[in-house]
Amino acid sequence: MKMSKVYKANIWGREGCRTTRSSLAKSVSRTITTMDSNGLSLKGSLPLLLLLVPNLLLCKSVASLPVCPSGAANCQVSLRDLFDRAVILSHYIHNLSSEMFNEFDKRYAQGKGFFTKTINSCHTSSLPTPDDKEQAQQTKHEDLLNLVLTVLRSWNDPLYHLVAEMRGLQEAPDTILSRAIEIEEQNKQLLEGMEKIVGQVQPGVKENEVYSVWSGLPSLQIADEDSRLFAFYNLLHCLRRDSNKIDNYLKLLKCRLIYNDNC
């Protein structure tokens with residue numbers, strides 16, 4: 001399943017979504033037309049379609065946002081537009097991570113008691129994150145922005161290895177693997193967008209590329225099947241948790257910085 005051109009389309013620039021919509025439409029068309037005159041089943045292509053359509057809708061939402069006047073030179077995307085795109089993307093990532101966790105839980109974790117072992121077991125647990133909405137509202141926006149960057153960077157390595165190791169997971173459904181691939185690429189997209197946002201909110205401030213180191217690769221490769229499945233389960237649980245935090249932080253930041261908390 002070759003989808004790199006779709007996944008890597010850029011939504012942060014003036015022309016990004018025009019290219020994305022074209023690529024997505026062509027991919028959907030190619031997938032649908034694989035049916036031959038005998039009525040070949042689309043079952044094998046269904047995971048692709050399930051991911052392509054949300055991407056198309058995402059880009060449609062992004063493309064509807066005003067960006068630059070026609071013919072403007074050296075045009076910079078506004079902070080409001082960047083936040084609109086970031087919030088759409090973070091929500092999309094969280095939805096995908098929730099769906100992937102739920103499907104993995106139903107398929108591999110029933111009756112194994114995995115959930116009780118996941119308390120404070122995320123590699124990002126040591127990061128000083130607000131415990132609730134009230135604490136988040138009291139946190140300086142500079143600190144929240146840097147926290148979002150840190151969490152996103154902390155997931156680059158585990159997401160890469162999650163995709164690589166999941167390919168070897170016994171009877172792993174295409175839908176789980178497809179979502180993992182999509183989340184890995186969209187996490188990079190969101191990180192790129194957040195760097196642009198920070199560049200506008202804190203111009204001239206040099207960033208420290210801080211992140212929480214993940215050391216869970218051996219657990220994803222362990223021979224014991226139950227231990228390996230728990231490692232996957234725990235990683236997906238942490239991903240769902242962190243993607244939810246990022247989604248909430250971005251909505252709060254957008255409200256504060258774009259609407260002066262009047263939302």
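Student: The axes of helix α6 (residues 141-154) and α10 come within 10 Å and cross at roughly 150 degrees. Why are α6 and α10 called roughly antiparallel to each other?

Tutor: This is a predicted model, in which local features need pLDDT of at least 70 and side-chain atom pairs count only at pLDDT 80 or more, while totals for chains, interfaces and linings use all residues. Residues are numbered from 1 along each chain as its sequence is written, and side-chain values use heavy atoms, with hydrogens and water left out. As for the name, angles under 35 degrees count as roughly parallel, over 145 as roughly antiparallel, 65 to 115 as roughly perpendicular and the rest as oblique. The crossing of α6 and α10 is at roughly 150 degrees, and therefore the two helices are roughly antiparallel.

Student: Which residues make the contact of α6 with α10?

Tutor: On the α6 side they are His-141, Leu-144, Leu-145, Leu-147, Val-148, Val-151 and Leu-152. From α10 come Asp-242, Ile-246, Tyr-249, Leu-250, Leu-252, Leu-253, Arg-256 and Leu-257. Contact here means heavy atoms within 4.5 Å. By class, this contact has 12 nonpolar, 1 polar and 2 charged residues.

Student: What makes α4 roughly antiparallel to α10?

Tutor: Their axes cross at roughly 160 degrees and come within 8 Å, which means that α4 is roughly antiparallel to α10. The contact of α4 with α10 has 21 nonpolar, 9 polar and 7 charged residues.

Student: Why is α7 called oblique to α10?

Tutor: Helix α7 (residues 156-166) packs against helix α10 (residues 225-259) at an angle of about 140 degrees, with the axes 12 Å apart. That angle makes α7 oblique to α10.

Student: Which residues of α7 and α10 meet?

Tutor: Pro-158, Leu-159, Leu-162, Glu-165 and Met-166 of α7 meet Arg-228, Phe-232, Leu-235, Leu-236 and Leu-239 of α10. These divide into 8 nonpolar, no polar and 2 charged residues.

Student: What is the handedness of the crossing of α7 and α10?

Tutor: The crossing of α7 and α10 is left-handed, a word used if the near helix is turned anticlockwise from the far one by less than a right angle. The crossing of α4 and α10 is left-handed, and α6 also passes α10 in a left-handed crossing.

Student: How do you know where empty space is left?

Tutor: Rolling a probe the size of a water molecule over the atoms shows it. On a 1 Å grid over the protein atoms alone, a cavity is a set of points where a 1.4 Å probe fits but cannot get out, a pocket is an open set with protein on both sides within 12 Å along at least five of seven lines, and lining residues have an atom within 4 Å of a point. The count comes to 4 cavities of 30 Å³ or more, and the largest cavity holds about 90 Å³ of space.

Student: Which helix gives the largest share of the lining of the largest cavity?

Tutor: That is α10, with 4 residues. Among the lining residues are Ser-90, Trp-155, Asn-187 and Asp-242. By class, the lining has 8 nonpolar, 3 polar and 1 charged residues.

Student: What is the volume of the largest pocket?

Tutor: The largest pocket has a volume of about 400 Å³. Of its 17 lining residues, the closest to its centre are Asp-132, Lys-133, Ala-136, Asn-248 and Leu-252. Helix α10 gives the most to this lining, with 8 residues.

Technical notes
Axes are lines fitted to C-alpha atoms, for helices over the stretch in contact, and angles run from 0 to 180 degrees between N-to-C directions. Ala, Val, Leu, Ile, Met, Phe, Trp, Tyr, Cys and Pro count as nonpolar, Asp, Glu, Lys and Arg as charged, and the others, Gly among them, as polar. Grid points are joined across faces, edges and corners, and a volume is the space filled by probe spheres set on the points.
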